[in-house]
Amino acid sequence: MKHGESNLKECQETANIVLSIKPQYASLILSGEKRYEYRKSIPKKKIARVYIYVTSPIKKIVGYFTVEEIIYKHVDDLWQETSATAGISQHDFYIYFKNRNHGYAFKIKKVFHLTKPRKLKSVAPQSFHYI
């Protein structure tokens, strides 16, 4: 088993998380153009919903998405599989995964917009935060 694959084992416990996402990528997720959200690490629990916290200057939760699957692969294979609807340039993808051999991608199943974006009551997560 490769390092990181253990995070993808079926977990009985489900959770919702908040992910910090840059404004340009959050917009592409909400529009449906970006179908994958890349991460260097993922939660150990099975994810029911991923709430989209848009970073500065917006600083609000604007919606959420459900996850079809989480893909874990060598970064070259991950790019090959997801690039058509990545919503990110190849250059930025490789900068994000610099010094990493493997990465994760949340495959977005369905996106939901909040009618009223909400501020966080706590500090914004650096990677993800369970809620």
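Two residues are in contact when they have heavy atoms within 4.5 Å of each other. This is a predicted model, in which local features need pLDDT of at least 70 and side-chain atom pairs count only at pLDDT 80 or more, while totals for chains, interfaces and linings use all residues. Residues are numbered from 1 along each chain as its sequence is written, and side-chain values use heavy atoms, with hydrogens and water left out.

**The overall plan**

- The protein has three helices and six strands; these are DSSP runs numbered from the N terminus, with helices being H or I over at least four residues and strands being E over at least two.
- Along the sequence, the pattern reads β-α-β-β-β-α-α-β-β.
- Of the 131 residues, 37% count as buried; buried means under 20% relative accessible area, exposed means over 50%, and partly exposed is in between, using a 1.4 Å probe and protein chains only.
- Among contacts with a separation of 6 or more, 79% join residues 24 or more positions apart.
- The protein exposes about 8,000 Å², and carbon and sulfur atoms supply 49% of that; the areas come from the Shrake-Rupley method with a 1.4 Å probe, and for residues only the protein chains shown count as cover.

**Strand β1 and its partner**

- Strand β1 (residues 14-21) is largely enclosed by the rest of the structure, because six of its eight residues are buried.
- β1 pairs with strand β3 (residues 46-54) in the parallel sense over eight bridges; two strands pair if DSSP finds at least two bridges between them.
- Within this pairing, Ser20 has Tyr53 of β3 as its bridge partner.
- Glu13 lies in the segment before β1 and counts as partly exposed, at 45% relative accessibility.
- Glu13 and Lys45 are 32 residues apart in sequence, yet their C-alpha atoms are 5.9 Å apart in space.
- Not counting residues up to four places away in sequence, Glu13 touches Lys45 and Lys46.

**The nonpolar cores**

- In soluble globular proteins, nonpolar side chains tend to be buried together.
- A nonpolar core is a set of buried Ala, Val, Leu, Ile, Met, Phe, Trp, Tyr and Cys residues joined through side-chain atoms within 4.5 Å.
- The largest core here has 31 residues, and those with the most contacts inside it are Tyr38, Ile52, Phe65 and Phe106.
- Two or more residues of this core come from each of β1, α1 (23-31), β2 (36-39), β3, β4 (60-74), α2 (75-82) and β5 (102-118).
- Apart from this core lies another one of five residues, including Val18, Tyr51, Tyr53 and Tyr64.
- Beyond its neighbours within four places in sequence, Ile52 has contacts that include Leu19, Ile21, Ala26, Val62 and Phe65.

**One side of helix α2**

- Which residues of α2 are buried? They are Val75, Leu78, Trp79 and Thr82.
- These residues cover an arc of only 95° around the axis, so they sit on the same side of α2; the arc is that of the directions from the helix axis to the C-beta atoms.
- An α-helix has 3.6 residues a turn, so residues three or four places apart point the same way.
- The cover over the buried residues of α2 includes β2, β4, α3 (90-96) and β5.

- Glu37 lies in strand β2 and is buried, with a relative accessible area of 6%.
- Leaving aside neighbours within four places in sequence, Glu37 is in contact with residues including Leu19, Phe65, Tyr104 and Phe106.
- Arg39 is also found in strand β2 and is buried, with a relative accessible area of 7%.
- The side chains of Glu37 and Arg39 make a polar contact at 2.7 Å; such a contact is a pair of N or O atoms within 3.5 Å, where within protein one must be able to donate a hydrogen and the other to accept it, and residues adjacent in sequence count only if both atoms are side-chain atoms.
- A polar atom of the Arg39 side chain also lies 3.1 Å from the backbone oxygen of Ser20.
- The Lys34 side chain reaches the backbone oxygen of Tyr36 at 2.6 Å and the backbone oxygen of Ala86 at 3.1 Å.
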